Amino acid sequence: MTLTKSYQKLQAKSFSNQYREVLFVQDTPTQEPGENEVLVKNCFAGVNASDANLIAGRYFTDASFPIDLGFEFVGQVMAVGEKVEHLKIGDAVMGIQTGGGYREQVILPAEQAIPVPEVSPEMMSLLTVGLAASIGLETVGEMKSEETVLVTAAAGGTGHIAVQLAKLAGNHVIGTCGSKEKSALLASLGCDRVINYKEEDVDQVLQNEYADGINLIFENVGGQLFDTCLNHLAKLGRVVICGFVSEYLQQDTVTAPRIYHQLLWKSASIRGFLFSDFPDQIPPHLQKLIGMLSEGKLKVSIDPKKFKGIDAIVDAMDYLYSGSNNGRVVVEL
């Protein structure tokens, strides 16, 4: 594979809640990988709600600007270091690296390049969203069978994986979403009760149809929906906070009663998590997800709207934060 002299990547010149104001595309010279590294040509990058958190400085505050962006990628090996034996030029790999996604090329340690059967957006979509759903439900949420599981933003990249994993574990699954198209997607994935919050009141549905409460809530939205979910938590129930996308761009002031009033009397719990804090869990969960996808047990929904090239990444982020996506938002690089 012929190496180009340079490549493009997306960077931020400072931290900001208004990401369009600080993002720019940078031309960067191509480098050869070190002896234990590989150089990968990124073919697809995943767009994540957490992009806004990275750009706003919520993950770290001691950055040296400009900072590289993007978290995940799938592509082909372009060059290998002299001590790398298990990979060769042309191999399909995927990886997770902060700052490694929104760029046309990335160098990473060879052991962090994960071999995959093919270069496809579906395969890449098992990374951050698949791992968040799997580790969040099973490890953090202690998901069992024959429970009632509620997934918010259920038609999103993480949510639609969580719905399927909860169903495959033998649970009754409720999913919230905001359009008829998303409702149809969730129904096709086996969701037992779809609540389109633009047509039905989530609080009223849960009150009327789930009087015994919800055993496990996989929460992605935050704000008022989080409060509603908490009100319907069952005894010994668990809320797993995967994110709070409603506040990523503008945070709310909370004036509700302190949260322990909702938890103590039900022996319930709230558990926040980042899957990256469970490094020992990543390999087995990822292998499980790859196997499920290959066997047809798991479906990955890729939003049909096309975004191509580094310049399209910001538009893809706008699209995601607008709530218009139906499944995973991917940029082809």
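Predicted model: local features only at pLDDT ≥ 70, side-chain atom pairs only at ≥ 80, totals over all residues.
Student: What is the strand order of the open sheet of 6 strands, and which are the edge strands?
Tutor: The strands pair in parallel, in the order β11-β10-β9-β12-β13-β14. An edge strand pairs on one side only, and this applies to β11 (193–196) and β14 (269–272). From one strand to the next the twist averages 15°. The edge strands are therefore β11 and β14.

Student: Which residue in β10 is the bridge partner of V151?
Tutor: Strand β9 (residues 148–151) runs parallel to β10 (residues 172–177), and 4 bridges join them. The partner of V151 in β10 is G175.

Student: What angle does the direction of helix α7 make with that of β13?
Tutor: Helix α7 (residues 223–231) packs on the sheet and touches β9, β10, β12, β13 (233–241) and β14. Its direction and that of β13 make an angle of about 155°.

Student: Within what arc do the buried residues of α5 fall, seen down its axis?
Tutor: In α5 (residues 180–188), the buried residues are K182, S183, L185 and L186. They line one face of the helix, because their arc is limited. An α-helix has 3.6 residues a turn, so residues three or four places apart point the same way. The buried residues of α5 fall within an arc of 160°.

Student: Which elements do those buried residues of α5 pack against?
Tutor: The face turned away from the buried side carries the exposed residues K180, E181 and A187. The buried residues of α5 pack against α4 (157–168), β10 and β11.

Student: Is D212 buried or exposed?
Tutor: D212 lies in the loop between α6 (202–209) and β12 (214–219). Its relative accessible area is 74%, and the cut-off for exposed is over 50%. D212 is therefore exposed.

Technical notes: Residues numbered from 1 in each chain as written. Heavy atoms only, no water. Helix = DSSP H or I, 4+ residues; strand = E, 2+ residues; numbered from the N terminus. Buried < 20%, exposed > 50% of the residue type's maximum accessible area, 1.4 Å probe, protein only. Pairing = 2+ DSSP bridges. Axes fitted to C-alpha atoms, helices over the stretch in contact; angles between N-to-C directions. Contact = heavy atoms within 4.5 Å. Arc of directions from axis to C-beta.
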